Amino acid sequence: MANYQIPSWVIFSIFAVLASQYFSGSHSASILNSIAIAALLAGSLRFVMLIGELNFAIAAFVGIGAYSAGVATTMLDISFFLAILTSGVAASLISMVFGSITLRSGGPYFLLIGFAFTEAMRIVYSKTDVLGQTSGMVGIFPPIEFDDWLSLFVIIICLGLLFLMYVIEKSQFGTIFKSIRDNSDVTRTVGINVLYWKVVCFAIASFCAGIAGALQAFVNNVISPGDFGYLLAVFALAYVKVGGESSIAGSILGAIFLVVLSEFALALGAGEHIFYGAAIVIAVLFMREGIVGLVSSTISWITKTRASKEERV
Amino acid sequence: MKNLTNNKMQLLSNLTFSCLLTLGVAAGAVADESSKPIKVGLSVPMSGAAALWGQGADWMCKKASEEIRDSGGVVVDGTTYNYECITYDNKYNAAEGAKVARALLQREGVEFIGGSLGTAPVRALQSLSERMGVLIFTTAWGDQIKGPDYPLTFTQMNTPHEILEPLISYVSEAHPEAESVAILNPNDATGQQTEAVSTKAWGKVGLEVVSSDFYERGTTEYQPIALRLARHDPDVIDLGATPPAEAGAIFKELDVIGWDGVKLVEVGTGADGLTAIGGDSVEGVYMGAAVAFNGPSVTDHQKRVNEEAREDLGESLNTVQIGFYDSLFALKAAMEKSQSIEPKKVAEALPSVTFQSFYGNTARFGGEETYGSPQQMMLPVIVTRIEQGELVELGRINPTE
Amino acid sequence: MELVFQLLITTLQISAVYILFSLGLTLIFGVMQIVNFAHGHYFAISALVVVYLMPWLVEAGFPASAAYILSGLIGIAAAVLVGLATYQFGFRHFQRDMVGSFILSVGFVLLFDGLFLESFGGASRSVPSIVEGTVSVFGAAITGQRLLLCFAAILTAFALYLVLMKSKLGSALRAVSIDQEAAMLQGVPYNKIAFSGFLLAAGLAGIAGALIAPVSIVTPAIGADYIVKGFIAVIIGGLGSIPGAVIGALFVAFVEAFGGYYYGASTATLAIFFLVIAFLLFKPKGLFGNG
Amino acid sequence: MNSEQTPLLSGRQLERRFGGLLAVSELDIDLYPGEILGLIGPNGAGKSTTFNLLSGFYPPTGGELYVMGERCTGKSPTKISRKGLVRTFQHGSLMPSMSVRDNILLGTMHQLSGRRRIERIARTEETAEMLGLSAFLEEVAGVLPHGLQRLVSIGIAFASRPKILCLDEPLTGLNHTEASSALHVFERIRGEFGCSILLVEHNMKAVMKICDRMVVLHHGKPIAAGRAEDIQSNEEVISIYLGRLDDE
C-alpha cells in the first residue's frame, strides 16, 4: 500500500539517535532532548488538527503528564518507565472527560475552553500543597544508571510516538478523522459516531502530550506551574506552522528550526517574543505550507527549469 | 512526475534535517569550552511582569564588574581577572530556568552564577549547578533552597526570615493600639513564602490575623480584593509580597471604601510604582525591602549609581537588584582570600570573608540557626515609609549575632 | 444589605470595561468567523498612548480633562490604526478561517507583546486624576472616575446598539453574521462590511483602553489580562451574539465581585474558568449561540 | 403494487416548527421495499425539512418516525443511518480534500467495521465501478467536475449498502447525458441490491420516468400521493405544477 512507504523523517530519526550518542552529556545532547520533546508536542497538536480542531488544552495535558511523573517518582517512587506510562495514561483519561464535554460544540468553543482549562490547571497546581504550590516540584531524576542514556531514550520515545501518530493518520482511522474535519454531516450519515472518534483522536494526542510532559520533567528534573501556561501551546503551534502543517515531517522540521534558533534568542529577553511572533506571522502569511512546502516548491521549480532547458537543447 | 518530486522532496528534506541538526549541535559544540575573563552568569526574568527586576539585576551586575575592573580587578596569585556578566531570560518558570541553566553551565561553561531570580527557575538551576560544582548566588527565598544539602548556594539579599520579624516588631511598637491584621499576597512562590513567615511574626507581636488571602497575577480589578481586606475592619493591612503597582491599586480602592489604618508592604521594593498608581492613598505605607536614596545615611556613591539606574531603567534601584551588585563583591573577596577561582574553594572561603556592601556597611555571611549553615548574606534591614509621596528611611536594624 | 449593594455597584463598574471588550470580540467573530487574540493589544495600545501622552500634555499646560480627551482620541485612533494594519496585512486573507486566523492572531500577540515591552518598558504608570473625590450611591462608595467610566461605557454600548439596530451598516452587519451567503445574495458587499465591522470592533477596544487608563495599572501586558475574561464572557453569551456578550461580561464581573469577596480573589479566578467549562455542559453553544 | 408489505420507512403525522413557523405538518409517508418514491413540490414546500426529519437531523416537533419497523422518533442521525437509512445532501455532500477512494471507503467504514481492510477496499472498488468512478479513485474529490462530485456523494452513501437511500436533488446541475446515466445507476441500485430509494428532485421528467409513486408537498403539507400517472392527472397538483412540467 503506497500509504505505508517509510517517511523521510524515519531516516532522520536514525541520524538523530546516532548524534545523541556522539554528543551525549554535552549541551548538544540537551538541545537534542528539547528538539525531540518539542517535535512530539507539535505532532500532538497537529494530530488534533486532523479533525479540524485547535487544541489549546495541550499545555494542560503536558502539565498533567509532568506532574503525574513528578508525583510518581518523588512520592510513590514508582519505577521510571511505569511513571512515564502513567503520566501518558493520566493525561489521556482526563482528556476523554474534557473532550466529551467540549468537543460537542468544537470549533472556537473548544479552542477557547482549552485556553481556559490551561489557565485553570495552572492555578490548581499553584494552590495544591503536595504539588509544591507555585515553587513546583524538585528532584524528578531518572535512575542514575540511566543518566548517559536519557538523551537517547527521550529521542527514541518521541520518534516512536510520532511514528505511531503517523501510522494512525495513514490508516483508516486517519481517513475518519480527516472526513470529520472535511464534512462531519456526511460522516454522520454513513453511521460513524463523530463525537466518539473526535474524543478518540483527542485522547491519543493527549497521551502523547502527557508523555512529552513526563519526559520534560525528567530532563529538567524540576517542574513549576509556570511551565504549563498557554505559551507552551503557542510555541507548539509555531513549530507546526513554520515547519508545515501538511505532514508530521513539517512538525519535526519546525521544532528543530525554532528550538535551535531560540538557543540563540535566550539573551534577547522581550526580543524572543518578537522573534517567535514574527516567525508565526511570516509562516502563516507567506509560506502557508511552511518549510516543507518551501522545499517541495523549490524542487518542482528546479525540475521545471531543468526540463525547459532540456527542451531548448 | 509527481512521485519523482516526492522522492526528491524527501531527499532534500532529509538534507535540511541534517543541516539544521548539525547547526543545533554546533550551537552547543562550539561554545563548549570556557574563556579567560571570569564569566558570571545571571538567570533572571527579562520579559513578562517581572522584566524590570531582571533588567535592573543585569544593570547592577555590569555596574559592579565595572567598578571592580576600575579598582584593579580580582587578583588571584599574580593574575588579574575581571568579571563578565552573561544574562539570560528565565521567564520566571522552571522549564526556561532549566534551559538557561544548561546554556550557562554547559554551553558557556560558567562556573559562578552572580545571581538568580525566581524560586522555580532557581531550583532548576540548582539541580544542575550543585551536581556540576558551580557556585550560585540567588535571591530566591525558599528556606529549603539553601542549607547543608546545597553547599554551593548562597543567598544575596535579605529574605522574609531576616526582614519580617524586625520590621513587624518595629511597626507594632510604632502602633501599639493595633490589634488585628489582614494579609494579602500574590499567589506565587514569593507570596506564599512571605505569607508563611509573616503570619508567625504577627502572632509573635500579639496581633490577631483576621484574614490571609492570595490573588492571581494578572488580576485586572481590585475592588473585590479591597472589600474583602476591609471586611473585618482590621487595624493593619499587610500586602506582603504584592508588587508595588498592584499594592498601589489596592490601597487606592481601600481608600475609596473608606478604610484607614496602618499600611504595610513587607517586601515592597520601591516607592515609584506604588505612588504612581496609589497617589495619596499610599501615604504612610511601611516597606521592608526598599531603599531610600535621600536619607542622611545615604552615600554619594549610592546616590550617583541610583541616578544612573533611574535614567536607564525608569525606576529607583531596589534591594532585589542591589543583591546582584553585592554578590560580585562577595565573590571578589572570597576569591582573593582563597587565592583560587575554584568554585568549591571559593565557596569554602565565602562564609569567613567580609566585604563592602552597597548599603555602605561591611557585610558577611551567616544564618546558621535558620538554615543550618552560613549561606545567608547578612545585610541591614531598612525600614522605610512613604511620607508626602517620598520614600523616607525610618531606621536600620543591623544584623545581630 | 449595604454590602450587597456595594458588591453590585462593584460588579457594574467592573463589567463596564468587560462589556465594551466582549462586544468587540463578538462583533468580529459574528462578521468574520475569526477568533482574534490580538484584540487585547488594540486595547493596550490605546491605554498606553493615554498614560504616556496625557501627563506630557498636562505638563504642557493643558487642563487635565482636555488633556485626557485629546490623548484619549489619539489613543483610540492608534487602536484603530493597529486594527487596520492587522486587518490589511493579515486577517483580510483569513475571513471565515477560524484556525488560520487564530494562529495569525497569536503571532500578532507575541509580536506586539515584545514590541510594546521594548518601546514602553516594563514600568507601570498611571495618569493624573481627571475627576477628584468619591461619590456615595446609597451608601456604596465609588470614585468619580469610575462613575465617569461606567457612564461612558454604557453610552458607548448604547451607541453601538443603535448603530447595529438602526443604521444601514448595522443591518448589513447583522445580516452577514446570521447568514453570509444569503446576505451576499441580497447584495451586501461582504468585504466592505467585514472591514468596517473589524474597524468598529478595534475602535471599541480603543475606547475601552482609553477609559480604563485613568483607573487601572497600565503595563504593556494589560491586554492579555483582559482578553481572557473578554473571551470567557463571549463564550458564555454565545459567540456572535450582542446581548450574549453583555450578559456574559456581567456574569464574569459578578463572579469576580461576589466570589472575590466571599472566597478570595484567587479562588474567584479559578471559579470563572471552571464555571465556564461546566456551563458548556448544559449550553454547548453558549446562551444565544447559533454558530 | 406491494402496499400490503410493511414499509421500511414511515412517518406518521410528522411535524416540524421553527419558532412560530410551521415548516412541515400532517406528513404521512411510507417507503416500501424495492420501490423508488419521489418527493416533489415547489421551492419552499418543505422537501429539505422533510429529509432532515426522516434522517434524524431535525428531531420532529410532532408525530412519529419508524425505520425498518422500529420507532426512531428523535434518534440521532448516526443511530438512524445504522438502521440502514443513508442520505445525501443537496450541497457539498463529500469530503473535498480527500481522494475519491477515501471518500467512498468512508462509506464502508461502519458497516464493515471489524472486517478485514481487503473487504472494504473491494467494496470501495465495486461501488466506484458501479458509478463509473473507477478511473478517478486517486483524484482529489474537491477538484472533480460537478457531475462527478454528485456521483461521488452517492457513492459514499451507497458504499454502506443501505436498505433505504435518500437522495436530495441528485440531478441538479447535471447535463442530459449525466442525468440519464445517473438514473440508470439508481435503477441498478434498486434492481441489483433491492435498495429502496427516496428521491427529492426538481427535474419532473426524470421523477415521472423513474418513480413508482410520488408524494407531493405544498406549504409543508402533502397534498397528493400515489402512482406517477395518477399524480399527473391530479387537479390540485396540475394547478401548482403541470404548467411547470410543460415548459421543461
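The entries below go from chains to domains to single elements.

**Ground rules.** This is a predicted model, in which local features need pLDDT of at least 70 and side-chain atom pairs count only at pLDDT 80 or more, while totals for chains, interfaces and linings use all residues. Residues are numbered from 1 along each chain as its sequence is written, and chains are lettered from A and ligands numbered from 1 in the order in which they are written.

**Confidence, chain B.** I checked pLDDT, the predictor's confidence in each residue from 0 to 100. Chain B has a mean of 81, with 90% of its residues at 70 or more. I then went through its elements; helices (H or I, at least four residues) and strands (E, at least two) are DSSP runs numbered from the N terminus.

For contacts I used C-beta atoms, placed from the backbone, that lie within 7 Å. Residues 1-5 of chain B are under 50 and have four contacts beyond four places in sequence. Residues 23-35 of chain B are also under 50, and there the model has 27 such contacts. Where pLDDT is low, the predicted coordinates should not be read in detail.

**Which chains touch.** Four pairs of chains are in contact, and chains A and B share the most contacts. Chain D does not touch chain B; their nearest C-alpha atoms are 13 Å apart. Chains C and D have no contact either, with their closest C-alpha atoms 13 Å apart.

I looked at the A and C pair in more detail. Chain A puts 31 residues into this contact and chain C puts in 36 residues. On the chain A side, the elements giving two or more residues are helix H4 (80-102), helix H5 (107-127), helix H9 (230-243) and helix H11 (270-286) of chain A. H5(A) gives the most, 12 residues. I sorted residues by class: Ala, Val, Leu, Ile, Met, Phe, Trp, Tyr, Cys and Pro as nonpolar, Asp, Glu, Lys and Arg as charged, and the others, Gly among them, as polar. The side of chain A that touches chain C has 21 nonpolar, six polar and four charged residues.

**Domains of chain B.** Domain bounds come from an automatic or database domain assignment. Chain B is divided into domain 1 (38-157 + 299-379) and domain 2 (161-288). Their C-alpha centres lie 29 Å apart. The contact between them takes 12 residues from domain 1 of chain B and nine residues from domain 2 of chain B. On the domain 1 side, helix H4 (119-132) and helix H11 (319-338) of chain B each supply at least two residues. That side divides into four nonpolar, six polar and two charged residues.

**Pro343(B).** Pro343(B) is in helix H12 (residues 343-349) of chain B. Beyond four places in sequence, Pro343(B) touches Glu111(B), Phe112(B), Gly133(B), Val134(B), Leu135(B) and Leu152(B). Val134(B) is 209 residues away from Pro343(B) in sequence, yet their C-alpha atoms are 6.0 Å apart.

**Domains of chain D.** The assignment gives domain 1 (1-84 + 163-236) and domain 2 (94-161) of chain D. Their centres, over C-alpha atoms, are 24 Å apart. Domain 1 of chain D gives 11 residues to the contact and domain 2 of chain D gives 10 residues. E7 and H6 of chain D are the elements that give two or more residues on the domain 1 side.

**Sheet of chain D.** I traced an open sheet of six strands in the order E6-E7-E8-E3-E9-E10 (chain D), with mixed pairing; two strands pair if DSSP finds at least two bridges between them. Strand E6 (85-87) and strand E10 (221-227) of chain D each have a single partner strand, so one side of each is left without a neighbour in the sheet. The twist averages 15° from one strand to the next. E6(D) pairs with strand E7 (residues 164-168) of chain D in the parallel sense, over three bridges. Arg87(D) stands opposite Cys166(D) in E7(D).

Helix H6 (residues 176-193) of chain D lies across strand E3 (36-40), E7 and strand E8 (196-200) of chain D, and runs at about 150° to E8(D). Axes are lines fitted to C-alpha atoms, for helices over the stretch in contact, and angles run from 0 to 180 degrees between N-to-C directions.

Technical notes
Two residues are in contact if their C-beta atoms, placed from the backbone, lie within 7 Å.
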